[in-house]
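Please examine the sequence and the three-dimensional structure shown below. The report that follows is meant to be read beside them.

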Amino acid sequence: MTITEILFWLLTVVALTGALLVVTSKNPVYSVLALIATFFAISGHYILLNAQFLAVVNLIVYAGAIMVLFLFVIMLMNLNTETEPQKNKWLKMAGTVAGGCLLLVLVAALRDADSKSTIALVNSGDTGLIENLGKLLFNEYVIPFEISSVLFLSAMVGAVVLGKKE
Amino acid sequence: MIQLAIDLAFILEKAILIGGIITVSLVVAMYSTWAERKVAGFMQDRLGPNRAGPFGLLQPLADGLKLFMKEEIIPNASNKFLFILGPGLAMMTAMMTSAVIPWGREIEVFGRTVSLQIADINIGILYIFAVLSMGVYGIMIGGWASNNKFSLLAALRGASQMISYELAMGLSIIALLMLTGSLSLKTIVEQQSAAGGWWNILYQPLGFLIFMVCAFAECNRTPFDLPEAENELNFGYHQEYSSMKLGFYLFAEYINMFMSSVLMATLYFGGYDIPFVNDAALVESMGTNNVAILQGLSLFAKAAFFIFFFMWVRWTIPRFRYDQLMHLGWKVMIPLALINMLITAVVVLIRQNGWPF
């Protein structure tokens with residue numbers, strides 16, 4: 001095993017443990033913290049693939065901004081295990097079945113995908129470097145990029161409209 | 001069989017560098033507390049600490065001893081794990097920024113050329129922003145885990161303040177990045193210290209002003225120290241803390257202050273560049289190591305000035321009200337940063353393509 005492989009397995013274990021803790025922990029604040037740990041592990045995977053920009057942006061946007069808002073909401077609502085209403089037994093069952101169906105579809109879709117034969121460029125690829133990414137985004141994909149920015153703008157306007165007191 | 005290809009000398013070199021930089025930052029933060037009281041004393045026409053040692057120089061040691069000796073109290077109703085995690089996170093994120101800052105060009109030890117930067121990654125500035133956004137968690141987790149309404153309110157205040165000012169800070173940096181064309185802090189410093197290169201403050205005065213105001217807000221320093229506003233929220237998010245856990249929070253603030261001072265010097269004031277001197281010519285006449293020492297001193301002198309400026313402002317300007325703070329952040333700083341960005345972009349375009357009309 002090389003250092004890269006050891007790091008890969010370490011990060012995988014952290015990511016999966018974190019993801020499991022998000023679902024299983026009773027305290028919602030712990031869930032959010034576990035999700036942050038998962039994001040860190042995924043960023044580590046990006047760095048192993050030499051996609052530094054993606055790794056850092058994942059941390060800034062998801063772990064740094066969105067999770068803070070999650071924490072805000074959870075802390076202000078003061079969700080405790082005592083106050084949380086008990087869900088209906090049948091609802092839990094239906095949830096399990098629906099989740100199982102989703103898993104089945106995902107596995108089936110991934111089984112036939114051609115990603116099996118694609119080898120990830122570990123440590124040497126340069127598509128994830130910020131210079132190449134920027135050139136690609138602003139030359140080849142400039143129209144989808146601009147359209148997605150309009151989408152964000154509309155979301156922002158919507159938030160302002162909703163938040164405004166009349 | 002596990003075979004690890006590890007360059008032992010490389011690891012040793014980096015370990016010594018990390019240890020050295022952390023020690024220096026801790027000592028600087030320690031003496032910032034002393035300097036702050038001295039500056040406060042000077043501004044208020046009194047002496048400041050002068051009992052422990054000559055000029056009160058041993059005062060930080062006495063304070064540290066006091067904090068270590070105090071009783072460690074963990075409130076009964078608090079979340080114990082998170083209560084301890086909070087100050088640890090605050091301290092860790094404060095120290096992590098130092099990894100990408102170039103402290104000098106290079107030194108030669110035992111025939112090896114050692115770069116005085118822990119990691120020269122090509123996304124240096126983004127890394128700093130990532131660490132900065134992690135800094136929110138130390139405050140939020142500590143405030144929430146205390147199980148105290150004042151602490152929680154202060155933590156939420158602190159977090160929203162930091163998130164708001166991060167935006168304007170990022171926008172002011174974008175204008176700088178358009179000029180430098182690189183995210184690596186080393187490259188930015190080298191551009192400024194090259195022969196014929198000017199410090200970025202001359203190109204980006206407005207950007208620097210916005211960056212500095214946002215740095216004050218990010219460090220939770222007066223006039224933006226709303227999270228620990230003692231007259232409305234008792235003691236802020238660290239109200240329930242005692243002993244060295246409180247010390248960690250207070251200390252993290254001073255380390256943050258040091259790091260943002262170094263960052264301001266690096267981005268806008270030439271970093272380790274020695275002013276009015278051609279560094280490359282100096283290397284030939286004095287040797288690499290001597291020049292590295294001078295460069296380090298130059299960076300520290302600039303940082304010391306900014307730390308003094310932080311204190312100067314703290315003891316001169318009263319605290320903002322919370323709505324004024326948000327108004328300044330969202331309605332003044334962000335539009336200003338956007339205008340600055342637009343002007344910079346137009347100038348860069350014209351310089352590249354010529355005047356189109």
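The report treats chain A, then chain B, and then the cysteines.

This is a predicted model, in which local features need pLDDT of at least 70, side-chain atom pairs count only at pLDDT 80 or more, and totals for chains, interfaces and linings use all residues. Residues are numbered from 1 along each chain as its sequence is written, chains are lettered from A and ligands numbered from 1 in the order in which they are written, and side-chain values use heavy atoms, with hydrogens and water left out.

## Chain A

Chain A contains six helices and zero strands, and along the sequence its pattern reads α-α-α-α-α-α. Here helices (H or I, at least four residues) and strands (E, at least two) are DSSP runs, numbered from the N terminus. Of the 166 residues in chain A, 22% are buried. A residue is called buried under 20% relative accessible area, exposed over 50%, and partly exposed in between, with a 1.4 Å probe and protein chains only. Among contacts in chain A between residues at least 6 apart in sequence, 60% join residues at least 24 apart; a contact means heavy atoms within 4.5 Å.

The expected span of a helix is 1.5 Å times one less than its number of residues.

| Helix | Residues | Number of residues | Distance between end C-alpha atoms | Expected span |
|---|---|---|---|---|
| α3(A) | 52-77 | 26 residues | 36 Å | 38 Å |

Helix α3(A) has a kink of about 30°, centred on M67(A). The bend at a residue is the angle between axes fitted to the seven residues ending there and the seven starting there.

A41(A), by contrast, belongs to helix α2 of chain A and is buried, with a relative accessible area of 2%. Which residues does A41(A) touch, not counting residues up to four places away in sequence? They are L11(A), V14(A) and A15(A). A41(A) also lies 9.5 Å from F8(A), C-alpha to C-alpha, although the two are 33 residues apart in sequence.

The loop between α2 (28-48) and α3 of chain A holds N50(A). N50(A) has a positive phi, near 65°, and is a residue other than glycine. With 16% relative accessibility, N50(A) counts as buried.

## Chain B

In chain B, strand β1 (residues 106-109) and strand β2 (residues 112-115) run antiparallel and are joined by four bridges. Two strands pair if DSSP finds at least two bridges between them. V109(B) stands opposite R112(B) of β2(B). The two strands form a hairpin with two residues between them, and F110(B) in the turn has a positive phi of about 50°. As a general rule, the side chains in a regular strand alternate between the two faces of the sheet.

L116(B) is placed in the loop between β2 and α4 of chain B. L116(B) is buried, with a relative accessible area of 15%. Leaving aside neighbours within four places in sequence, the contacts of L116(B) include L17(B), W103(B), I107(B) and A292(B). The C-alpha atoms of L116(B) and P75(B) are separated by 44 Å, and these residues are 41 places apart along the chain.

N147(B) lies in the loop between α4 (124-145) and α5 of chain B. Although N147(B) is not a glycine, its phi is positive, at about 60°.

Further along, S182(B) occupies the loop between α5 (149-180) and α6 (185-193) of chain B. Is S182(B) buried or exposed? S182(B) is buried, with a relative accessible area of 17%. The side chain of S182(B) reaches the backbone nitrogen of S184(B) at 3.1 Å. Not counting residues up to four places away in sequence, S182(B) touches L177(B), T187(B) and I188(B).

## Cysteines

A disulfide is a pair of cysteine sulfur atoms within 2.5 Å. By this rule, the count over all chains is zero disulfides. C214(B) is in no disulfide, and the nearest cysteine sulfur, that of C219(B), is 11 Å away. C214(B) counts as buried, at 0% relative accessibility, whereas C101(A) is partly exposed, with a relative accessible area of 44%.

Methods. Polar contact = N/O pair within 3.5 Å; in protein donor to acceptor, adjacent residues only side chain to side chain.
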